[in-house]
Amino acid sequence: MYGKELTLGDLETVAKKLKWCVPALMEAYVIGTGAVAAAHEKLPGSLRFSVDFDFVPKNLPILYYDSLMVDRFIGPESEFRDETKVYADYATPETVRCTPAGWLERTWVINVTDGLTLYCLSAHDVAYNKLYAGRPKDIVWVRELLKTEIITWESLNELHAGNPLATVDREKVERSMSAVRGQ
C-alpha cells in the first residue's frame, strides 16, 4: 500500500527531488493535505495520511519536459514512490482558482534547499479547497480537522462569505459545508 503519515521531513525530501527534476523552479505552492501535515505534525495520523504532495509552480510555466521529469523520477509510478511511499504531483495554477482571496498572505514559508522556497497553504485554505472539491474523502477530512480545532467554522464561513465565486461554485461549497455538518 502506498501513502503514509506525512511530515515536514517528507515534504523536504520530495521538494529536494522536485528541484532536481526542475532546476529552474525557484518557488512553488504546496496546496493539499501535505501542507497541513507538514505544519501540524501532531495531527492525528488519519489527517496526515496521503500518497502525495501537491506542488504548483510559482512564476514558472509548467513545461511538458518538466512534467515528464517529475512523473518519471518522483511521480506516482516512480521508483521514488516505491521507496518513500509518497510522490510529487505537479499541479497547475488552475487547482487553486477557488481558494479564498488573501490566501497568498496566509501561506507559511519554508526554504527547503538552495534556490527553492515553498509557500504552504494554511489549514483553512486547504480545508476550503477540499470543500470545493467535495469528494467524500474530503468531507470526512474537513470534519475531522474541525475536531482538532486547528480550523474553525467561523473562519471557514468568513472565507466563504468573502470569496467571489460564481453561483454554481458557491453552491457547491455550501453543499459540502452541509455535508460536513451532517445535514
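Q: Why is E149 called exposed in this predicted model?
A: E149 has a relative accessibility of 67%, and exposed means over 50%, so E149 counts as exposed. This residue is found in the loop between helix 8 (136–148) and helix 9.

Q: What makes the phi of E149 worth a remark?
A: Most residues other than glycine have a negative phi. The phi of E149, a residue other than glycine, is positive, near 70 degrees.

Q: Why is V51 called partly exposed?
A: Buried means under 20% and exposed over 50%, with partly exposed in between, so V51, at 31% relative accessibility, counts as partly exposed. V51 is found in the loop between strand 3 (49–50) and strand 4 (52–57), and together with Y2 and F49 it makes a nonpolar surface patch of about 220 Å².

Q: How do you know that A28 is buried?
A: The relative accessible area of A28 is 0%, and buried means under 20%, therefore A28 is buried. A28 lies in strand 2 (residues 27–30), and its C-alpha atom is separated by 4.8 Å from that of K58, 30 residues apart along the chain.

Q: Why is helix 7 called roughly perpendicular to helix 9?
A: The axes of helix 7 (residues 123–133) and helix 9 (residues 153–161) come within 10 Å and cross at roughly 65 degrees. Angles of 65 to 115 degrees count as roughly perpendicular, so helix 7 is roughly perpendicular to helix 9, and their crossing is right-handed.

Conventions. Residues numbered from 1 in each chain as written. Predicted model: local features only at pLDDT ≥ 70, side-chain atom pairs only at ≥ 80, totals over all residues. Heavy atoms only, no water. Patch = residues over 30% accessible without salt bridge, like charges linked within 9 Å, V, L, I, M, F, W, Y side chains within 5 Å. Areas by Shrake-Rupley, 256 points an atom, 1.4 Å probe, with all protein chains shown as cover. Salt bridge = Lys/Arg side-chain N within 4 Å of Asp/Glu carboxyl O. Helix = DSSP H or I, 4+ residues; strand = E, 2+ residues; numbered from the N terminus. Buried < 20%, exposed > 50% of the residue type's maximum accessible area, 1.4 Å probe, protein only. Axes fitted to C-alpha atoms, helices over the stretch in contact; angles between N-to-C directions. Parallel < 35°, antiparallel > 145°, perpendicular 65-115°, else oblique. Left-handed = near helix turned anticlockwise from the far one by under 90°.
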